[in-house]
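Please open the structure in a viewer and keep the selection tool at hand.

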There are 2 protein chains.
Amino acid sequence: MLDTIDQRFGLSRNVTLPQGLSLDGGGRLATVDIAYETYGMLDADKGNAILVCHALTGDQHLASEHPRTGKPGWWQRMVGPGRPIDTDRWFVVCANVLGSCMGTSGPASIDPATGAPYAMRFPVITIRDMVRAQAMLLDHLGIGRLAAVVGGSMGGMQALSWSATYPERVEAAVVLASTARHSAQNIAFHEVGRQAVMADPRWNNGDYYGAEPPAAGLAVARMAAHITYLSEAGLTEKFGRKLQAREAKTFGFDADFQVESYLRHQGLSFVDRFDANSYLYITRAMDYFDLAEEHGGLLANAFAASRARFCLVSFDTDWLYPTADSRSIVRALHAAGAPASFVELSSPYGHDAFLLDSPELDRVMAGFLGSGR
Amino acid sequence: MLDTIDQRFGLSRNVTLPQGLSLDGGGRLATVDIAYETYGMLDADKGNAILVCHALTGDQHLASEHPRTGKPGWWQRMVGPGRPIDTDRWFVVCANVLGSCMGTSGPASIDPATGAPYAMRFPVITIRDMVRAQAMLLDHLGIGRLAAVVGGSMGGMQALSWSATYPERVEAAVVLASTARHSAQNIAFHEVGRQAVMADPRWNNGDYYGAEPPAAGLAVARMAAHITYLSEAGLTEKFGRKLQAREAKTFGFDADFQVESYLRHQGLSFVDRFDANSYLYITRAMDYFDLAEEHGGLLANAFAASRARFCLVSFDTDWLYPTADSRSIVRALHAAGAPASFVELSSPYGHDAFLLDSPELDRVMAGFLGSGR
């Protein structure tokens, strides 16, 4: 299928995989649509493919303009010619995850059995289901083995799941600001977000397509989640108690403090680009993620068959998936005999640091990928 | 007015203070209702009065059964005969704060000017306004000086504000798990809660009295806030990833994990006992709290006229008002020449620890109060 791959930079494609997909929850999707982008050229031996996995609200627009927001790709600073993930050397694939809303099958997609959107009739999915769908895409592209699978946050969960689910297909894995299991606090924050969506009458049990979406509830969900992406120190440094462009407190309920205005903006801009039901499904998949549980309760077992090299990175101010989570993955990798390097980077930006400008992260990424071949 | 004080234990009273109250925001309440409880007996010299200040969603039912929930008072383990705040010795007063909904004037109260509930026409208040209303109550009770003012969380803010606003009336202050200013992250979490309430169509710009209240939005607000009251480690210890009484994941959106069920319960039970508009007003008062700002930007100035002894306590897993917040208060007190003791207690329970069984806290409280007279 190599000849179907256009070699221009940042090519957007959609594919319908007709063989369907059986899911961890017992359900089955009769067909799976996947929207993806590719960057760079696949070598004749197909040995230079890197799969980049996106986070909860990310998408396939890794290093090219987002069609709805007009903003640059979410990891443009990391992926491109001469960048740490160098598209002059690597053939980079990024696919919208199963359950999302940017072209891959999800709750907003049309159920071929009914001709109407799935909405909450979409089956509940897992991180491993997302990975299985990605593997089907790679089959379609004729790519057997990945030179690397790379991801931060939920993307890191996918990278870990790839190594466990398809050990023979992964030569290296880069796992940034991630975890091998969602903690009680992680689940709690996601549950707040889901309840915020479901409390919005416009949610209407998920059947809002063609009507007004539950934007108010989804905006609240995003605001709550956004706080967890930032560090307390980072918020203090960026906003502190600074007021909006006013001389004094208004003694009202408008956004008096800059941090309020910022959060409201985060909520409002999110609803323009994301589907509320997708938010429910993907947060659920993350909450269900517990890689050890899938392997007899011992995380090391997940990596027993792996022949990959691993690179783990955490950030010292990340309280969503703190350094301890990465360390426990590294211990399990070492227990499984897998080569694993780990670094905790210092950043004021909390969990979001993996998306932001970080020369240290660039060096770690380029060095790890460069040492492989 | 001493003869108006009944000497039975846990006496509930309501008083209307006809002189009115001018507020920090420039507004004025023509009259102020205050609901309060007293415990113990006031000495002839009126020198044994302790004011206990409650937290955001607390009330005057300090050590007696809550009339709506039937539960014990919120600090029953701390206040009573032979308890650390010993009502055989102290005359303890606890008043529902201004803006709340348990009998003290707040947005659900009837505006005497219109005969209808204030709703969002209630003026925005500050922590200092709450303290001024308490001072009016003490005037009414004939109590000039407080042997101590005691509070945790928002109650601690009031204790600090008391010392700064009425330095001649405070002999000692106990400030637990509190802060002298709300941080950007504190404000951010409160703003999520307010937006959750306001996103509920039943909120109706605050005019929901006599109709269905915005329970769904308020429940989401409470859920988000509740996470901040607990530590990550405490949540992991209590819930981890334990499922509800089921054998396996349901692959649905019911509360699969115990932590989800717990949080939903916290949200639902809260709306039965609290008014959504009060939640808006009180969180706003907390966000506005910055004791240094009220005193020329230097926290030590707030205590320049104080002659009180201070006792500060923080908890090592409290990430809402972390130990650093208490330390900065202690530094300011020392800079002002005020006697201040400080201890960080170890607890797995996060911010909520000050409300829970803690023999160490009991010893600190009894020892500090006992050393005074």
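Helices are DSSP runs of H or I with at least four residues, numbered from the N terminus; axes are lines fitted to C-alpha atoms, for helices over the stretch in contact, and angles run from 0 to 180 degrees between N-to-C directions. This is a predicted model, in which local features need pLDDT of at least 70 and side-chain atom pairs count only at pLDDT 80 or more, while totals for chains, interfaces and linings use all residues. Residues are numbered from 1 along each chain as its sequence is written, and side-chain values use heavy atoms, with hydrogens and water left out.

Contact (heavy atoms within 4.5 Å) involves, among others, A:Phe189 and A:Val192 from helix 3 of chain A, and B:Val220 and B:Met223 from helix 4 of chain B.

Next, select B:Trp162. Among the residues that B:Trp162 touches are B:Leu51, B:Val131, B:Pro167 and B:Arg169, not counting residues up to four places away in sequence.

Finally, select B:Thr236, which lies in helix 5 (residues 232-238) of chain B. B:Thr236 is partly exposed, with a relative accessible area of 37% (partly exposed lies between buried, under 20%, and exposed, over 50%, with a 1.4 Å probe and protein chains only). A distance of 9.2 Å separates the C-alpha atoms of B:Thr236 and B:Val259, which are 23 residues apart along the chain.

Key:
Chains lettered and ligands numbered in written order. Helix = DSSP H or I, 4+ residues; strand = E, 2+ residues; numbered from the N terminus.
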